[in-house]
Amino acid sequence: MSSVTVRVPAKVNLQLSVGPVRPDGFHELATIFQAVGLFDEVVARTPAVPGITLTLSGEGEGELPLDERNLAYRAAVLLAEHTGAEPSVDLHIHKAIPIAGGMAGGSADAAAALLACDTLWRQSTPREELTALATELGSDVPFALHGGTAIGTGRGENLTPVLSRGSFHWVFAVADQGLSTPAVYAECDRLRGGRTVPDPYVSDMLMQAVRAGDALLLGKALHNDLQPAALSLRPVLRQVLEVGEDLGALGGVVSGSGPTCAFVARDDEHALDIAVALTASGVCRTVRRASGPVAGARVTG
Ligand code: C5P
């Protein structure tokens, strides 16, 4: 085997409930993740010269670091350390997930790199061990391996699958510039101003919407505790959300730590109408459509 291709999805948080800060500096979360059909592809090849190299095309080309600062690179190093395999791979990421957008694109690449290297190096690492390595890399990395719809607790890494009916149709408004996840959490703390924060919870209404495949109810139930912080750091997002809702979206929310805004549509045609109108409104850099849930990271070639 000289080449392995892994396809990995973006995520949206249908609900993101942010609890108190823990002693380790992370926030205790209760979130409902959904994997959506917007994919990065990671190709792992046996290199001519031993060592790890990383190249990238698509979103973020020429902007993202291609060394240890890149989570996909770190995933390859971590897997080699864990398995004892020789750390030798040429990784190429073809990126379609918006960068620093709250859709976990960096985490997706790390999950894909773990799976691609594990396959290329013929390690067959058990799923639980891959998930533990994913957790070491970042809070959202285990979900990128897992996919589907899942409740995330702890810092987001403890996953419980949720049975969901049918498919939801999403429109994503992608901003010009990313937002830093730590900065958004810090702004959330600042806005809370030292008040006592209740424990995070999973919304019953949201679970009901997901189980029933009820897009109307989902639209009403979307909620993100990081949204006020993202709006505070990027006030134009208020306008983006208003435009989406004026266009008839069933609901809109900032995705994760933002700045991407996610809108639920009734069906594919409705999603296309919203996407076209959002593009024409000029409030965002670009617009993407996708449906979810979809599977997590998978070897495709
Ligand atoms: O785990 P990850 O590296 O993706 O987290 C990035 C940053 O987001 C953390 O350094 C922290 O500032 C913030 N974070 C948090 N609580 C979480 C997840 C992330 O405060 N549950």
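**Helix packing and the ligand shell**

The buried residues of helix H3 pack against helix H1 (71-83), helix H2 (105-120) and helix H4 (141-146), where contact means heavy atoms within 4.5 Å. The structure is a predicted model, in which local features need pLDDT of at least 70 and side-chain atom pairs count only at pLDDT 80 or more, while totals for chains, interfaces and linings use all residues. Residues are numbered from 1 along each chain as its sequence is written, and side-chain values use heavy atoms, with hydrogens and water left out. Helices (H or I, at least four residues) and strands (E, at least two) are DSSP runs, numbered from the N terminus. Within H3 (residues 127-137), Leu130, Leu133, Ala134, Thr135 and Leu137 are buried, that is, under 20% relative accessible area with a 1.4 Å probe and protein chains only.

Polar contacts (pairs of N or O atoms within 3.5 Å) include an oxygen atom of the ligand 2.7 Å from an N or O atom in the side chain of His27, and an oxygen atom of the ligand lies 2.5 Å from an N or O atom in the side chain of Ser139. A nitrogen atom of the ligand is 3.2 Å from a polar backbone atom of Arg155.

How values were computed
Buried means under 20% relative accessible area, exposed over 50%, partly exposed in between (1.4 Å probe, protein chains only). A polar contact is a pair of N or O atoms within 3.5 Å; within protein, one must be able to donate a hydrogen and the other to accept it, and residues adjacent in sequence count only if both atoms are side-chain atoms.
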